[in-house]
Amino acid sequence: MKKVLSVLFCSLAVISMIAAASAFAENTYTNTSGKEMDIRIISKSFNNQFYQAAFKGAADAAAKLGVKITTNGPDMETNTSQQVEQVKAAVNAKPDAIILAACDTASLEETLDAAKEAGIPVIGFDSGVPGDTTGAVLATAATDNANAGGNVAESLIADPNFQKAILKGAKGTPTVLAILAQDATSGSIVQRVDGFIAKALAALEALEGLAGSVSVSGQEKWTKPAVNDEKVKIVVVVPPSSSAADIQAASKTIFAMDNLVGVFAANQDAVNGVISATNDGTDLDRADGVYKDIFVVGFDSGTSQREAIKDGQFLGSVTQDPYQMGYQAVGLAVRAANGESVSDVDTGSKWYNAANIDNADIAILLYD
């Protein structure tokens, strides 16, 4: 399953050049070692479409920097023992750096200690190596979930039709923007909700007549009363468990709310719950659906969500950027191997909707 990618790619796809030259122009990487570095990349699941996009970004960075990468990963994310053996083999090969998305940090502690002892820098990507206590992991290239959640809010509220709907709220009959969060404890979910609420409050209160008139309720963690007469309510709904049945039930609760005009499903499981609760999305049909006037936005990019966006049932969604995770991780690895200091990089997120979902620079970022 191991796949070695040469550094001598004669030509790069247009999409690669577009992605690499995007918001990361400030991150300039140079291989000053004078040699072809050997970098080993180990994902959580080798054949996963998300990681294949990350490997593409890594390959393009390797071609630019003159380094050799070897990609690997277990058959499934749950195959922890397989990944442990792969990381051990990588350390034993004494590469210039290792890039890793750990299935289970605790199981890798001994191996990461060995990497540090051997002077092999480790760079995390995607979920990285959370809770690493060895000091081997020097930086991580990953999504800043608060920024990504904010991206969803800004894109939703920028829509003129959504603005018309939300501005119908008045004292005593506020309009409602609901958030369906799978749970209130997962770091990534909490950060997405944090970012969404912060940007939504700022964007909504900037609209005419809404200054100080937006409240947040539903969960104590995010509660914020309106300062003036309440005209818009942001309501956070968290199901009692992360089971599909509970998420679907929570979705039905949301769609039963009076004056509901918008819904943010904060991850793919929440998106699936919304789709299940709306008759496989047909109730969201913009022409004659039961909830045709409700604007739904999501996060990530599973098959059901992409179809809902293409069909107009969802306004749009934000995808993480696995291409940049791979690209930036290789850049960080080269910098670390050169003995330079490194720090975490936010690999960004992209808003996509029916208008741009098939564009090359978006299509490479969509994963199941």
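Predicted model: local features only at pLDDT ≥ 70, side-chain atom pairs only at ≥ 80, totals over all residues.
1. A helix here is a DSSP run of H or I with at least four residues, and helices are numbered from the N terminus.

2. The largest pocket has a volume of about 720 Å³. Its lining is made of 27 residues, and those nearest the centre are Asp-126, Ser-188, Arg-192, Asp-300 and Gln-320.

3. Which helices give at least two residues each to this lining? They are helix 2 (49–65), helix 7 (187–205) and helix 9 (268–277). Helix 7 provides the largest share, with four residues.

4. Seven strands make up an open sheet with mixed pairing, and their order is 8-9-7-10-11-12-14. Strand 8 (214–217) and strand 14 (349–352) are the edge strands; each has a single partner, so one side of each has no neighbour in the sheet. From one strand to the next, the twist averages 15°.

5. Is it enclosed or open to the outside? Buried means under 20% relative accessible area. Six of the six residues of strand 10 are buried, so the rest of the structure largely encloses this strand.

6. You can find Phe-299 opposite Val-318 of strand 12. Helix 5 (residues 145–157) packs on the sheet, touching strand 7 (175–180), strand 10 (260–265), strand 11, strand 12 and strand 14. The direction of helix 5 makes about 160° with that of strand 11.

7. Last comes helix 11, which covers residues 322–337. From first C-alpha to last, its 16 residues reach 22 Å, close to the 22 Å expected at 1.5 Å a residue. Is helix 11 mostly covered or mostly exposed? Mostly covered: 15 of its 16 residues are buried. After the helix comes Gly-339, with a positive phi near 85°.

Methods
Residues numbered from 1 in each chain as written. Heavy atoms only, no water. Expected span 1.5 Å × (residues − 1). Buried < 20%, exposed > 50% of the residue type's maximum accessible area, 1.4 Å probe, protein only. Pairing = 2+ DSSP bridges. Axes fitted to C-alpha atoms, helices over the stretch in contact; angles between N-to-C directions. Contact = heavy atoms within 4.5 Å. 1 Å grid on protein atoms, 1.4 Å probe; cavity = no way out; pocket = protein on both sides within 12 Å on 5 of 7 lines; lining within 4 Å. Points joined across faces, edges and corners; volume = space filled by probe spheres on them.
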